[in-house]
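Student: I have a new structure open and would like to learn how to read it. Could you walk me through a few features?

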Amino acid sequence: VLLVAPKPTSIATPASTSTPTPTPTPSPALGSRFFFGDPIKASSSVSIGSIFTIDLPITSNYELTTNLGYLEKPGASEIQANGKLVSGDKRVGTWRYEFQIPTNQTLGSYSLQVEVSDSNNRNYRSELGNIEINRSLKIQMTAADLNEYKTIAKKSFDQVRSKFTNNELKNITLKINTSSTFPSQYIKTWNSFAEIGAKYFDQLIDTPQEFRTYFVTEQDTAFMQNLGLWKDPGSGLTLDGKYWLQDNTTDSCEASAAGYFFDTDAQKLVLHGGVAVPSKVIFGNRGNELGCAQTIIHEMFHAVQDYWQYNKKSGHTWATQDDRDRVLMPIFREGSDNTITRAIFTDNFDDYLLILKQANIVYFNTDATKLADIFTEADVVKTFKLIEKQSSDPQSLKLAYPFGQLLFEKLIADYGIDKYFELLKTHNDNFAFKDSFQRVYGFSLDTAYSLAARHVLLGINYAKS
């Protein structure tokens, strides 16, 4: 007796770019022992790093004993999935195949095939259509990988937050400067973030210091230039100033001050940090708002870095950008800054993760960056070496933010926050950063790249997912 099975259904994962659609198939010849649901359209496509799932009705004259699915392409590694019965029985039932697409899989068109055996020792292999494997930076993490990333990130997060104290400020005197044009709904809350930053950073400064913070908008360019913080129309806020003048509701923010240098108003060396937003900013989502709100603490930490980097003296100019990057390596200056300040900013770990996703969406979800080609731990190590100097690639500085954050998450989780603080106070312009790192951790920065490569890859995948 030949039973005609219903058409197959497919389950499109978030990574799939289209839903497989059944097309008609000729009835099997009389005497066939197996009948498979209709084939899959060749236009169906899935992405590297995704999970492709499809349900397929199969009818057999005898109970099936083995049931395997394959994605095959000449010259490429075969992808295999065990069929799992999800409804019916082993003679007339629907089977599910879950194909995990490796991140290093060869791109192109694959033949989707199913091979079955039954209790009468009959074997049959059927080609059901074609699946296109393409490159998309939107992927789906396994539960185990997601848990592994979050466990390490949470350990780092907790280490950073363990250093909060209830002590009064000892070394820092905080002076908050808020423009009358700054959006009133954010003043109280964002000023409190400056206070949080000062309280945390007080333990990292060992001499009395004034810390000046600035909350300004596009209308304060002249004011900031008069202070000597923006020395020319091409610096600071004015990078977006013209655009903000056209649309002062723009959903964006920038640093308004960052560093330890001579203040013309105070007539002494002062720690500086600040944030600028459009005067009538409207944040499109909570992730964007959190990312901009934490900017004040990020920029304040740059001043703490400079305090140690320049041996508690005013900073100086560098002969070349490469000279500066050799000492002020971007993965430390920008990347580890994110690791520290995003954990200081919020006591909610979910918000910490949300900022990672939101702030780096431009880095992780566009082919315009080198992250389009990062699918393996070897890719991670190669990229670390590439971005040590900004001159290596136009995307180097952008990549330093997420790569550095994830690298130092791993290092802080494994070696503790005190070791990081030691590195902070050891690094200075008398030494290459690599030498300072070696002295503190006892192994090379290249070794650290390899040790952290898996965590970095998982973090990148998390932000892509």
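Predicted model: local features only at pLDDT ≥ 70, side-chain atom pairs only at ≥ 80, totals over all residues.

Student: How many bridges link β4 and β8, and in which sense do they pair?

Tutor: Strands are DSSP runs of E, at least two residues long, numbered from the N terminus. Two of them pair if DSSP finds at least two bridges between them. Here β4 and β8 are joined by 9 bridges, in the antiparallel sense.

Student: Why is β4 largely enclosed by the rest of the structure?

Tutor: Buried means under 20% relative accessible area, exposed over 50%, and partly exposed in between, using a 1.4 Å probe and protein chains only. In a regular strand the side chains alternate between the two faces of the sheet. For β4, 10 of the 10 residues are buried, so the strand is largely enclosed. Both of its faces are covered: I51, T53, D55, P57 and T59 are buried on one side, and F52, I54, L56, I58 and S60 on the other.

Student: Which residues line the largest cavity?

Tutor: On a 1 Å grid over the protein atoms alone, a cavity is a set of points where a 1.4 Å probe fits but cannot get out, and lining residues have an atom within 4 Å of a point. The lining here is I54, L56, Y97, F99, L112, V114 and L128. Two or more of the lining residues come from each of β4 (51-60), β8 (92-100) and β9 (108-118).

Student: V114 is in that list. Which residue is its bridge partner?

Tutor: That is G69, whose partner V114 sits in β9. Strand β5 (residues 64-72) runs antiparallel to β9, with 8 bridges joining them. An open sheet of 5 strands has the order β3-β10-β9-β5-β6, with mixed pairing. Its edge strands, β3 (45-47) and β6, each pair on one side only.

Student: What about G83: where is its place, and is G83 buried or exposed?

Tutor: G83 lies in the loop between β6 (79-82) and β7 (84-88). G83 is buried, at 17% relative accessible area. Contact means heavy atoms within 4.5 Å. Leaving aside neighbours within four places in sequence, G83 is in contact with N67, L68, W95, R96 and Y97. G83 and L68 are 15 residues apart along the chain, yet their C-alpha atoms are separated by 5.4 Å.

Key. Residues numbered from 1 in each chain as written. Heavy atoms only, no water. Helix = DSSP H or I, 4+ residues; strand = E, 2+ residues; numbered from the N terminus. 1 Å grid on protein atoms, 1.4 Å probe; cavity = no way out; pocket = protein on both sides within 12 Å on 5 of 7 lines; lining within 4 Å.
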